Amino acid sequence: MVGVIVIFIFIGWFYLEFIIKEKNKLRDENYRSEALLMQKKADSLILAKQKSTVAIALSIANDKNLSNDLLENNISQNSYEDLISKLNEYTFYKNIWVQIFDKDLNSMYKSWDNTKGENKKEFRGDILKAVMLKKPLYSINAGMHDLSIRAIVPLFREDENIGAVEVISHFNSISKEMQNFGIESVVVLEKEQNKYLKNPFTKMFIDKYYVANFDASDAIREYLRKEGIENYFNSSYKIKDNYIIATNELKDMDNRVIGYYIMFKDLESVSNKNLDFFMIKWIALSVLGLLIFVAVVVNVIYIRNKKQKMYYKNIIDSSSNIVIVLDKNSIIDVNKKFFEYFYNYTTLEGFKKEHKSISDFFVKEDGYVCEDADGSDWIECLIKNPHKNQIKIRYDSKEYYFSAGVSLISEQDEHYSAIFADITKEKIYQQELEYINVTDTLTKIGNRYYYNQQIKKEVANSNRYSYPLSLVIFDIDYFKKINDEHGHDVGDKILIEYAEFISSHLREGDVFCRIGGEEFTIILPHTNKENAYYIIDKMRGKIEAYKEIVPVTMSFGVAEYVKDESLELFFKRADEALYEAKNSGRNRVMVK
């Protein structure tokens, strides 16, 4: 007897070690996935802001008076204050700096101070590159004031360069957005870049490293100073002092590292996971990494003359998303990506002959943009509810899922840009994983996780609407003996066969789940214990007579829910009834 106890203790110890090891592996994988998610989120927000900064630069460059003012050297400090004020009003980014250069790279206008006339040709290779390529460029740069995001749009008249527009935005809105995800940020400039920094914008440093975001907390900055900030200048991640610490390198347009985006997230926000179902949770966490998708905001400017319109057209055609320019009455323009989805049309005119709006193809379902919206209503819905932005489209028997965004690009003309980013693969994968999350992999009925969800819902409804509810717990008699005599393959076939057989005899609304090896539950809404006994005893007889693969019998425990009873006590009473059924000879139904 003592030897048996020792063996059980020994096996239990090894089992505990295994569980701890698996949970630790999942915890480490959770941390790794969380760090990757932090890095991808930062990259996505930086890219979104870079593209938005380009859009703002394009909107300034397309001001009809700018070219004339440059040619006539007629740019004063007040010339574009009204335009910049409007940009601040109609964009997400309020702290935008604007600089205008003439063709010789003399600074003709700065929105942040009154100085002008400095020649930047010796220092601004990025502007010279944009002029040479004749296209907008964006990058991360270190300047006299800050480590910032810059967009440069060269200006041409009849193929002759007449100047350039530069728009500078900062990292503050990005770090504030990261805070919504529980992530604290410190954006630092590589100290070798300090030679360009003459008048630091934030006036904050960690040792000799300039800090570029105002909301970098004192505690985090002191932590990096104490630990040695250079220890965090890499693209990996660390788990230290109750933080996940991840870093993204910030590179200029020549792919040189000029700074670092360092992120901190409290482990408490990611470590308290339900590790009891660690394999399912691992899949769920993996889905989080796949479902990350960044909605890129691009303000498309409608250009009035033909040459400017072609320039604009090239920009939106380069997008990997569907881009539509429209007003409240009709579609004005689309990019090439549009026709990859609506492939039966080759021109916008052909599409508009048959359809007034893309909303003709919207699938009206719960959870998607304004399921009852028609015509231009969907535009208003997206503007008013930018976070409820998923759209389902059915075209030519195919279904697609999109994340959509609408921006006002011309208040005077009421022109909008709509961007549709395809999330079909991610959506289908999410649906598949949601099915896996609640389905027993062997029998294809509900699993323990699904049972927990459904019993909570049914008990809540029973309490609210005062209808009877019964719970059945049952298992296969002598199942271990079946496995020992016939093998586990036969045991699995029995589980599959009889789960399908029982499912075929249940009522619509009954919930059938496998909660353990050969242990099952049935939730019977609107059923008292007397009717539950009648239903289950009838099923018991059918199971006994079925005799497929190997003849089996089953024992059942039934309990009726008592109002305001805890879920644990409800389950325990049904389990005790099952115990009585097995102790009374098996192949019977007992009610508790």
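**Backbone, core and salt bridges**

Let's start with one residue. Ile549 has a relative accessibility of 45%, so it counts as partly exposed. Find it in the loop between α17 and β20, with β20 covering 554–560. Its backbone deserves a look: phi of Ile549 is near 65°, a positive value in a residue other than glycine. As background, most residues other than glycine have a negative phi.

Please keep in mind that this is a predicted model.

There is another case at the other end of α17. His526 has phi near 55°, again positive and again not in a glycine. The loop that holds His526 runs between β19 (519–525) and α17 (529–546). Is His526 buried or exposed? His526 is exposed, because its relative accessible area is 55%.

Now the overall picture. The protein chain has 18 helices and 21 strands. It has 592 residues, and 47% of them are buried. Take the contacts between residues at least 6 apart in sequence: 59% of them join residues at least 24 apart. The chain exposes about 30,600 Å². Carbon and sulfur atoms supply 51% of that area.

Next, a surface feature. Which residues form a nonpolar patch on the surface? They are Phe10, Trp13 and Phe14, and together they have about 360 Å² of accessible area. Phe14 sits in helix α1, residues 2–61. With a relative accessible area of 43%, Phe14 is partly exposed.

From the surface, let's go inside. The largest nonpolar core has 29 residues. Which members touch the most other members? Those are Ile324, Phe342, Ile358, Trp378, Ile393 and Phe420. Several elements give two or more residues to this core, including strands β12 (322–326), β14 (390–395) and β16 (415–422). Helices α10 (336–341), α11 (348–354) and α12 (377–384) are also among them.

Zoom in on Phe420. Leave out residues up to four places away in sequence, and Phe420 still touches Ile324, Ile358, Trp378 and Ile393, among others. Its list of contacts also includes Asn321 and Ser403.

Now a strand pair. β3 pairs with strand β4, residues 147–157, in the antiparallel sense over 6 bridges. A hairpin of 4 residues joins β3 to β4.

Last topic: charges. How many salt bridges does a search of the whole structure find? The count is 26.

Arg124 pairs with Glu166, with the closest N and O atoms 2.5 Å apart. Arg124 lies in the loop between β2 (107–110) and α4 (125–133), and Glu166 lies in strand β5 (residues 160–169), so the pair ties together parts that are 42 residues apart in sequence. Both Arg124 and Glu166 are buried.

Next, Lys582 and Asp477. Their side chains meet in a salt bridge at 3.8 Å, N to O. Lys582 belongs to helix α18 (residues 567–583), while Asp477 is in the loop between β17 (469–476) and α15 (479–486), so this pair links parts that are 105 residues apart in sequence. Where do these two stand on burial? Lys582 counts as buried at 19% relative accessibility; the cut-off for buried is under 20%. Asp477 is buried too, with a relative accessible area of 3%.

Then Lys592 and Glu580. This salt bridge spans 3.3 Å, N to O. Lys592 comes in the segment after β21 (589–591) and Glu580 is in helix α18, so the pair ties together parts that are 12 residues apart in sequence. Lys592 counts as partly exposed at 37% relative accessibility. Glu580 is partly exposed as well, at 29%.

One more item on charges. Salt bridges that share partners join Arg124, Asp126, Arg150 and Glu166 into one network.

How values were computed
Residues are numbered from 1 along each chain as its sequence is written. This is a predicted model: local features need pLDDT of at least 70, side-chain atom pairs count only at pLDDT 80 or more; totals for chains, interfaces and linings use all residues. Side-chain values use heavy atoms; hydrogens and water are left out. Two strands pair if DSSP finds at least two bridges between them. Buried means under 20% relative accessible area, exposed over 50%, partly exposed in between (1.4 Å probe, protein chains only). Patches are made of residues with over 30% relative accessible area and no salt bridge: like charges are joined within 9 Å, nonpolar side chains (Val, Leu, Ile, Met, Phe, Trp, Tyr) within 5 Å. Accessible areas come from the Shrake-Rupley method with a 1.4 Å probe; for residues, only the protein chains shown count as cover. A salt bridge is a side-chain nitrogen of Lys or Arg within 4 Å of a carboxyl oxygen of Asp or Glu. A nonpolar core is a set of buried Ala, Val, Leu, Ile, Met, Phe, Trp, Tyr and Cys residues joined through side-chain atoms within 4.5 Å. Contact means heavy atoms within 4.5 Å.
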